[in-house]
Amino acid sequence: QVQLVESGGGLVQPGGSLRLSCVASGSISSISSMRWYRQAPGKQRELVAAIGSGGSANYADSVKGRFTITRDNAKNTVYLQMINLKPKDAAVYYCNVDGFLYGGRWIDRWGRGTQFTVAS
């Protein structure tokens with residue numbers, strides 16, 4: 001089995017910075033794409049950023065220039081560095097990973113989420 005554990009949430013002031021982390025553990029042989037989604041109360045879950053196995057990244061228009069997604073393949077970890085945070089960024093942030101288990105089975109897994117609030 002594969003587990004994803006996010007961390008890094010909390011309370012941050014407008015204009016502040018935060019870094020989220022997501023570690024994948026278990027019988028995962030190789031990770032393909034790693035993504036961060038977010039879901040604010042009363043809204044649909046939306047894709048924030050994604051990074052491929054080669055390091056290519058893409059972002060939602062609303063976070064371009066403020067968020068940076070990176071990954072450490074040796075640690076099976078994906079990060080989301082966020083700067084200039086705005087109240088509208090507050091949400092539960094979910095990590096999503098796909099790839100192969102040992103034995104060749106394709107998997108797509110979600111973490112349980114980490115939440116932060118933007119308030120002065």
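In the predicted model, the largest nonpolar core holds 32 residues, of which Trp36, Leu80, Met82, Tyr93 and Phe116 touch the most other members. A nonpolar core is a set of buried Ala, Val, Leu, Ile, Met, Phe, Trp, Tyr and Cys residues joined through side-chain atoms within 4.5 Å, where buried means under 20% relative accessible area (1.4 Å probe, protein chains only). Two or more residues of this core come from each of β1 (2-7), β3 (18-26), β4 (28-39), β5 (46-51), β7 (67-72), β8 (77-82), β9 (91-101) and β11 (114-118). The largest share, five residues, is given by β9. Leaving aside residues up to four places away in sequence, the contacts of Tyr93 include Leu20, Trp36, Val48, Phe67, Leu80, Met82 and Phe116; contact means heavy atoms within 4.5 Å.

The protein has eleven strands and zero helices. Strands (E, at least two residues) and helices (H or I, at least four) are DSSP runs, numbered from the N terminus. Of the 120 residues, 44% count as buried. Among contacts between residues at least 6 apart in sequence, 56% join residues at least 24 apart. The C-alpha trace spans about 50 × 25 × 25 Å along its principal axes.

Residues are numbered from 1 along each chain as its sequence is written. As this is a predicted model, local features need pLDDT of at least 70 and side-chain atom pairs count only at pLDDT 80 or more, whereas totals for chains, interfaces and linings use all residues; side-chain values use heavy atoms, with hydrogens and water left out.

Terms used
Buried means under 20% relative accessible area, exposed over 50%, partly exposed in between (1.4 Å probe, protein chains only).
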